[in-house]
Each structure stands twice: as C-alpha cells, then as structure tokens.
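Here is a friendly walk through a structure with its sequence. Keep the 3D view open and follow along as you read.

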Amino acid sequence: MTSPEPIIEVSDIGKRYGNIIALADVSTSVRPGEVTCVLGDNGAGKSTFIKILAGAHEHSDGRLVVDGVDRRFSSPREALALGIATVYQDLAVVPLMPVWRNFFLGSEPTKGWGPLRRMDVGFMKRTTKSELSAMGIDLRDVDQPIGTLSGGERQCVAIARAVYFGARVLILDEPTAALGVKQSGVVLRYIARARDRGLGVVFITHNPHHAYPVGDRFMLLRRGRSMGDFPKSEITLQELTARMAGGSELEALSHELAAELGSDSELAKTLESEVKGLRT
Amino acid sequence: MAAPADTAPAATAPSDERVAGGSVVSKVLKRPEVGALAAAIAVFVFFAVTTDTFATSSGASTWLRSASTIGIMAVAVALLMIGGEFDLSAGAMTGFTGLAVGVMTTEWGLNIWAAMLVALVLALAIGFLNGLLVMRTGLPSFIVTLGTFFVLQGIDLAAVKAIIGQVAIQGMTNVPFYGQPHALFGSNVTVVGGRVYASVFWWILVTAVATWVLLKTRVGNWIFAVGGAQTSARQVGVPVARTKIGLFMTSAGAGWLVGMLLLFTTSTVQSNTGVGQEFIYIICAVVGGCLLTGGYGSAVGAALGALIYGMTNQGIVYAGWDNNWLKAFLGVMLLGAVLLNEAVRRRAERSR
C-alpha cells in the first residue's frame, strides 16, 4: 500500500518548560486514512505531544509541518482552522441534553430572521442521525439525552461531531482509558470507521492491545523521549508490548488482561489469542 | 394544554421503524411539565367539587389573577434555574420597580412613561450586576442574589420612607397620563362573565415567548447547556457569561414587568411588596419540573406551577379553611416535586 502525502509531519519536535525537558526528539507523521498511535505510560509525554498538535502549547524545538507548511500554533483555534480537531476525555457533552442538541451545540444552524430566527431543528435531527449512522452508530431516537448513551457511543458522537465540523485530523486523547473491554472495542471500530472515511487519526493510548488492531503507525514515548516510530509492517504486537513495559509489568499486564476476558466481542477474542502468544 | 404541542417538531425528523406506536404518549410522559399538569388538574377538580365558587367565572378570575403575576416571575426564574443559577432578589425587585415609578411620578413629578423607562433600566442594571458578580467571582448565585435581595429590601423601606415619609405609594391615579400604562398593565376585560386582568395575558405571552426561546432558538440551546455542563459548553464555544448574565437580566426585567402590573392594577405598591415571594417562584419552577442543579426544566411547567399556587391560594379561601394551610401545602408540593424530578434526572443521566 503506497502511503498518501502526510497531513502532519513532526520532526525532532520538543518542548521545554524552563529547564525541564518535557519532550524531546519526537518524529512521526499523520496521513489521511491512517491511524497514528502514540503510546506511552503515564508521564511519558503523551499529553505534551497532543497539546502541541492541538495548538494548546507551542513547541520549542524541531518542526511541525502541516500540508507542507511550517507551523507554530499559538491557540487551539489555529489548529482547528487547519482541520485538526481534538476530542478530549471529558468529551464536552451535556448529559441531560438530547443527542441532536449536543451534536450542534455552539454551532447551531438557524433559519428565519429577526425575532423569528430559530434553530433548523429538522435539519439538525436529520444530520445528527445520518452523520452518526455514517460512523456506524444507529440511534433509535436522536431525542434521547446523550447521558443515556454508553461511554463508547458518547465518544463516537464527539468524534462524529468533529468530523462533521470539518476535521481532517482527529486527535483522540485516551478514548478507551475509562472504558471496559467491550466498550473499547466499540470505540476502536469507530476509529477504524473514521480512518476509512479518509481522516488522519492520532490515537493516544497506553494500551498496545487497543492500538495494534487499528493502528498503521506506532510512536512510542518513554520519559519524554521517542522510543521509535514504526509502521505496522515493522513491528508485532509482542514487540510493541515488550518495548512499552518491562518484564514484571508485562506479567502483570497479561494477568490483568486474562481477568478481563470472557466477553464475546471481536476485540476480546483478538486479545485472548495475543495474550496466549505472549505467554508462549 | 401546551405541553403536547412542544414535542411536535420531532415529526420532521425521519421516522424510525423501531419507534412505533405509543411513542407520542411516552414522549409526552417524558416532558418535564407532566407532573405539574397532572397536579394542576387534580387541584382544579378538587376545589371545583368541594367549593361552590371555585369553578365559576368570577372565581376563576380571582385565581387566574393570583397565578398570573407569580407565573411571570416563575417562568423567568425557571429560565435562570435551567441555566443553573438562582435569583433571590426577584421578589424584592417587583416591589423595587413599582416603588421607583411611584416615587418618581407622585413625588418628583416625572413623566410616567419616562419613570417606567428609568425603572426598567435600573432593574436591568441590577440584573446585569447580579450576573457579572456571579460570573466574575465564581460565587454561588444563591449568595450573591441574597445580598442583592437584602439591599433592595433595605432601599424599598428606608429610601422610600425617607423620600415620601411613608411605606406605600399614594395618589398614583392623579399622575398625568396614568390611564395609558393603566390600560396596558392594569385593565381587565370581561370574558363570559368573569374579569380577565391584563396580567393574565402578559403571563401567557411571557410563557409562550420563553417556551419558544428555550425549545427553538440557539439561546435556548445555550441555556440548557450552561446549566447542564458549563465547562463542556465553554469548550464547544457557547458564550457562557453572556448567556448567564442575560438570564439574570431577564429575571430582573420580569421583576419590572410584574412591578408595573401590581402598580397599575392596584394603583399602589407597598415597601414590602414581593418580599418572601422569591421562594414561591422557585417552588413553582421546581413543581414545573426544573432541576435545582440546572440543565433541565420548562417554562410551561413553571407557569403550571404558578397556576397550582394561584388555585390553591384562592381555593383554600373558598373552602373556608385557614389560609396558613397554603404554606404547608406548598412545602409538600415542593418535596414531592423534588423527589419526582430527581427520579427523572437519574433516569435521563443513567448510562446503559
């Protein structure tokens, strides 16, 4: 498979806060229709890295190239204007409000004028439904409060919203961190769906088992430094896991995963076989 | 009632075969004002059966008038509560604006329309200040507006007594052009033998406009959002401060409207007018389905809450009971409504 031109290319990027080096020598790329996974344990520099991409922090070293042009973001708005959207962990949804109101919150389309200017409710409901079904979520009723959706579905609404409002690159900050195995599988499917729609996805996670099935490229961070940037063809899940965690941690991880099994989802089956592979 | 009509826009969305028969009923049952509607019907039937005058047109005229001024405030307070804030100064505001117009016209000889405009500007400025203080300091609006409430109460008593030497406005009817605003705010028309006061029409108008804003406009979307999850709302670009300050100004503006209605219906206002009513407004809003935590509620519900209040207020008189039972009844209604609302909220927020 020949890769298209990258939307984002970072080379030797770094961030210093005074004399503290939070991130150094990180290089990777994000291409349309590909998922770039950023893997690392807590404190590895994942948040610093996405904040640079999202425009929340300016980088202090290296280059950030978007569409072939050198960039330096001083606000999230600039990143957004280039189609780089970030879905944070809290998702920015209002639980008690219906799905369709949440979908358009802050950017409601209107019709009519003067005192009769009103939201185009019919358009909003139709669009919410069609955008969500394009992402593979088939809601019975877009009028239900978004709080009644599962965590995975809510994540997906946030993703669909970013896509609808013009995102070309989606940055997902630990979307599976708070979810169980089954819900994580749901979110991973939507990540794949977004990728298939031609978006570049930056998927931040500390779980190689979540990253490997959907990722095209893996960038590992440890203690603020890049441990390498690999296309999927050059690395196996075992290698990925081994690079991320040391021996005893690996043992604990496999126990933890074994305890999580029992669900009949695709992901669980994949995990099961991978864990067996790890043990042998 | 208006409740079922509010759910109508769903008809334009493509229908789903899984949402079949019975969905209209279940949708209506999910509306926040359903409990208040059922209670209003129950109260009406109860007093209509147990008393002779309640269901007559003159009886209805009395309880509608009683409900109307409370109802206007309850609707404005409900909007604010949906936006996640309280306004305890709303009651004192009705007295303040009425007194301001009374003092400016009877004592200082200001043109009556000019005096009303000045009172409106004062009210909106106080509402703006309430909102600004809440947004800038991050203090609970309960405390900020409690402060405003006491300030207004003090002004209503001390300043009015210092200026006109008494605590009630007199001689309003002698003010030039009194008839013009009186026609707009204080007159009544006879409908099937009963007087319907201007305040009742204002009440219906305010409820209709508030419902329209809440359900159909961007601002309505923002009101639900700032009350439901302020941080999330800010993240997606909702102007949180502007929305909330606007809501405080709305409740102050409603206070002005009710102040005018009281002044021109009775041609007098006392220094203690409106004091103690602020909790009645909140009770009406809660009975109408508003959550104390914000993000959920309805204007029609608050109007129905006020209707229940008005009917009970007069029904107890017609039934010949001690009027103080009203307070006990309100307390029971409030507790029942809060429990019901909490159950609704839990159901709405529950993840599958």
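## Chain A at a glance

The model shown here is predicted, so please read it with that in mind. Let us begin with how chain A is held together: of its contacts with a separation of 6 or more, 69% are between residues 24 or more positions apart. Chain A has ten helices and twelve strands. Of its 280 residues, 47% are buried.

Look for strand β1, residues 8-17 of chain A, and strand β2, residues 20-30 of chain A. The two strands run antiparallel and are joined by seven bridges. One facing pair to find is Ile8(A), which stands opposite Val30(A) in β2(A).

Together, β1(A) and β2(A) make a hairpin, with two residues between the strands. In the turn sits Gly18(A), whose phi is positive, at about 60°.

## Helix α6 of chain A

How far apart are the end C-alpha atoms of helix α6 of chain A? This helix covers residues 181-196, and its 16 residues should span 22 Å at 1.5 Å a residue. The end C-alpha atoms are 23 Å apart, which agrees with that expectation.

Just after α6(A) comes Gly198(A), with a positive phi of about 95°.

Most residues other than glycine have a negative phi.

Asp67(A) is not a glycine, yet its phi is positive, near 50°. You will find Asp67(A) in the loop between β4 (61-66) and β5 (69-71) of chain A. Because 13 other C-beta atoms lie within 10 Å, Asp67(A) is partly exposed.

Glu174(A) is also a residue other than glycine with a positive phi, near 45°. Its place is in the loop between β9 (169-173) and α6 of chain A. Is Glu174(A) buried or partly exposed? It has 19 C-beta neighbours inside 10 Å, while a buried residue needs 20 or more, so Glu174(A) counts as partly exposed.

## Chain B at a glance

Now turn to chain B, where the secondary structure comes to 14 helices and two strands. Along the principal axes, the C-alpha atoms of chain B fill a box of roughly 70 × 55 × 35 Å.

Of the 352 residues in chain B, 50% are buried. Among its contacts between residues at least 6 apart in sequence, 80% join residues at least 24 apart.

One residue to look up is Leu335(B), in helix α14 (residues 325-349) of chain B. Leu335(B) counts as exposed because it has 11 C-beta neighbours inside 10 Å. Leu335(B) is 49 residues from Val286(B) in sequence, but their C-alpha atoms are 9.4 Å apart in space.

## The largest nonpolar core

Which residues touch the most other members of the largest nonpolar core? Among its 178 residues, they are Leu170(A), Val202(A) and Ala74(B). Helix α3 of chain B (residues 57-82) gives the most to this core, with 16 residues.

Finish your tour at Ala74(B). Leaving out residues up to four places away in sequence, Ala74(B) touches Tyr281(B), Cys284(B), Ala285(B), Ala302(B), Ala303(B), Gly305(B) and Ala306(B).

Key
Residues numbered from 1 in each chain as written. Chains lettered and ligands numbered in written order. Predicted model: local features only at pLDDT ≥ 70, side-chain atom pairs only at ≥ 80, totals over all residues. Core = buried A, V, L, I, M, F, W, Y, C linked by C-beta atoms within 7 Å. Buried ≥ 20, exposed ≤ 12 C-beta atoms within 10 Å, placed from the backbone. Helix = DSSP H or I, 4+ residues; strand = E, 2+ residues; numbered from the N terminus. Contact = placed C-beta atoms within 7 Å. Expected span 1.5 Å × (residues − 1). Pairing = 2+ DSSP bridges.
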